[in-house]
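This report looks at one helix, its packing partner and one of its residues. The sequence and the structure come first.

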Amino acid sequence: MQHSAPSSSLVDIAIVGGGASGVLLAAQLVRKSTLSVALVERSDHPGLGVAYSTRCRGHLLNVRASDMTALDDEPDHFVKWLARNGGGLGPTDFVPRADYGRYLQDLLNESLERAQGRLQIVAGDVTAVRERPDGVSLDISGRGAPLFARRTVLATGHRPPSADSGAYHGNPWREDAIAGLVPDASILLIGTSLTMIDVLISLLEHGHKGPIVALSRRGLVPHHHPPAPIPTPDADTHDLFTGSLSQRTARFRAKLRAGLGWPGLMQLLRPHNNELWHGLDLDQRRRFLRHLRPWWDIHRHRVAPHIGEQIDAARASGQLSIVSGRIEIGRTTDDEVEVTIIRRGSTERERRSFDRVVDCRGPRNEVDVRVPLHAQLVKDGLLRPDPLNQGLDIAEDEALISKEGTPSKHIFVLGPPTRGRYTEIVAIPDIRIQAAAVADQLVAQLSEPSGLAVGPAA
C-alpha cells in the first residue's frame, strides 16, 4: 500500500493515526457519508499499529475470531474474510495477529476503492493541531503547508513504556528488543501481563533456552480461555451495578463462590464493562485501579489456550520464573543491565545482572509533553489529562476537553487515549463500537461535504 499526497489542503475530516482505531473510523465514514477524509499515518504500513505489526506467528488474538469483526454493523465481516484468507482457521479459533493486520489493511484498501478519491492516506507525523473558528489546521512533517480539516479525530494509539538504553529496551514491540541474543542469555521482563507474554512467546519461537525472569508488583499472570467456547450463563448481575465499590466486590465474590466461575461471569459482564465503570465515582475508580484492576485484568484479558499451555510449560521447566516485587535499574551497558530486586513482603535488596532487560509494563496513553503533539496542545490550552491520568480528558461525545474545561467543537479522540473515560477501550470489540458512534456523530455534524475534490488515493 502506498501513501497518497493530498491534492487539496482542505478535507472534511482528518484522522490522526492510521492504526486499527483510525482504519475502523475511516471505514465507517466511507460507508456512511460522502465526506472527504484524510488518514494521516507516520509509518509505512497503515492499518497495523502496534498490535498488528508483529510478524511472530505465535502472537495470537486474545478473542475468538467470531468476536473480532472490525465493523459494528457487520458481525460476520472478519469471519467471511477468514474463510477466504485464513488458511483453514474458523470462527472459534484464535487467529495470529499478523493475519488480523492483513485483514485491517484489506479493509483500508476496500475503503479506498469504495471512496473513489474521497479517502486519502497522508504520510507524515502530525506535530501540531491548531483550532480555528471554522475547523482545525494540522502541521505534518514533510508537508510544506498545513492541512485544514473541518473536524479532526486523534486516534494516536499506544506509546511504548519507556526509552531504550543499551541492553535495556523500553519498547517491547520492536523486533530488536530481543535481537542479537545468544540462546542461553539471561533475560528480565519487567511486567507480567499481556506484553510480557508477547515477548516470552517471541523468545520461545526464536528457540531461546536461557533463564527468563518476569517481575511485577503482584506477580499476576493472565489466565487463559477454556479450550472450547462456553455458553453465556443465565444469571442476574443487576446487583453489581449499584452500591459502593466494596459492596459490589462482595457481591462479585459471592457469585464466584456460588459456582458461576470467572470465565462465565466475565463473559456475562463483557458488554457492560463501561457501564460498571461509569457507575463508580472518582474516588471509587481510583480505588479500583489501585487495588482491584490487576486481578480484574488477569481474568478479563485472557490469552488463547495454546498460549496458556506454553506459559505453563515454561514455568514448569524452570525456564520462566515469576517474581512479585519492585525493581531498581542500575548500571546499564550495551551488554548488561544491573538491577536491584526487592521482593514483595521483604526489605532485602537482591542485586543481579541480566544480559537483556525488556520493559513489558504495557502501553502508555497518558498526556506526555515529551510528545511534540501533546506539548503543542498543552501549550495552546487545548489538552489536559483525564482526572485519573489514564489518557486525554474527553467529553461524553468524545470531544477533547481544554485546559479550561471546555469541550472542543472540532477536535475529537478515539481509541486507547480515551481510556480514562472508557477504561475498557484497548480491544477491537470496544473500539469498533466507539468508531461507529464517532462516525455517526461527525456525519450528523457535517451533513454537507465541503465540496472540495480530492485526488485519487493510491
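## How two helices cross

Helices α1 and α3 cross in a left-handed manner. The model is a predicted one. Helix α1 covers residues 20-32 and helix α3 covers residues 97-115. Their axes lie 9 Å apart and meet at an angle of about 30 degrees. Because angles under 35 degrees count as roughly parallel, α1 is roughly parallel to α3.

On the α1 side, the contact is made by Ala20, Val23, Leu24, Ala27, Val30 and Arg31. On the α3 side, Leu104, Leu107, Leu108, Glu110, Ser111, Arg114 and Ala115 take part. Sorted by type, the residues of this contact are nine nonpolar, one polar and three charged.

An α-helix has 3.6 residues a turn, so residues three or four places apart point the same way.

Helix α1 has 13 residues. From its first C-alpha to its last, α1 reaches 18 Å, close to the 18 Å expected at 1.5 Å a residue.

Helix α1 is mostly covered, with twelve of its 13 residues buried. Among the buried residues are Ser21, Gly22, Leu25, Ala26 and Leu29. Ala20 and Arg31 are buried as well.

## A closer look at Gln28

Gln28 is part of helix α1. Is Gln28 buried or exposed? Its relative accessible area is 1%, so Gln28 is buried.

Which residues does Gln28 touch, leaving aside its neighbours within four places in sequence? Gln28 is in contact with Leu71, Asp72 and Asp73, and also with Ala435, Ala436 and Ala439.

Key
Residues numbered from 1 in each chain as written. Predicted model: local features only at pLDDT ≥ 70, side-chain atom pairs only at ≥ 80, totals over all residues. Heavy atoms only, no water. Axes fitted to C-alpha atoms, helices over the stretch in contact; angles between N-to-C directions. Helix = DSSP H or I, 4+ residues; strand = E, 2+ residues; numbered from the N terminus. Parallel < 35°, antiparallel > 145°, perpendicular 65-115°, else oblique. Left-handed = near helix turned anticlockwise from the far one by under 90°. Contact = heavy atoms within 4.5 Å. Nonpolar A, V, L, I, M, F, W, Y, C, P; charged D, E, K, R; others polar. Expected span 1.5 Å × (residues − 1). Buried < 20%, exposed > 50% of the residue type's maximum accessible area, 1.4 Å probe, protein only.
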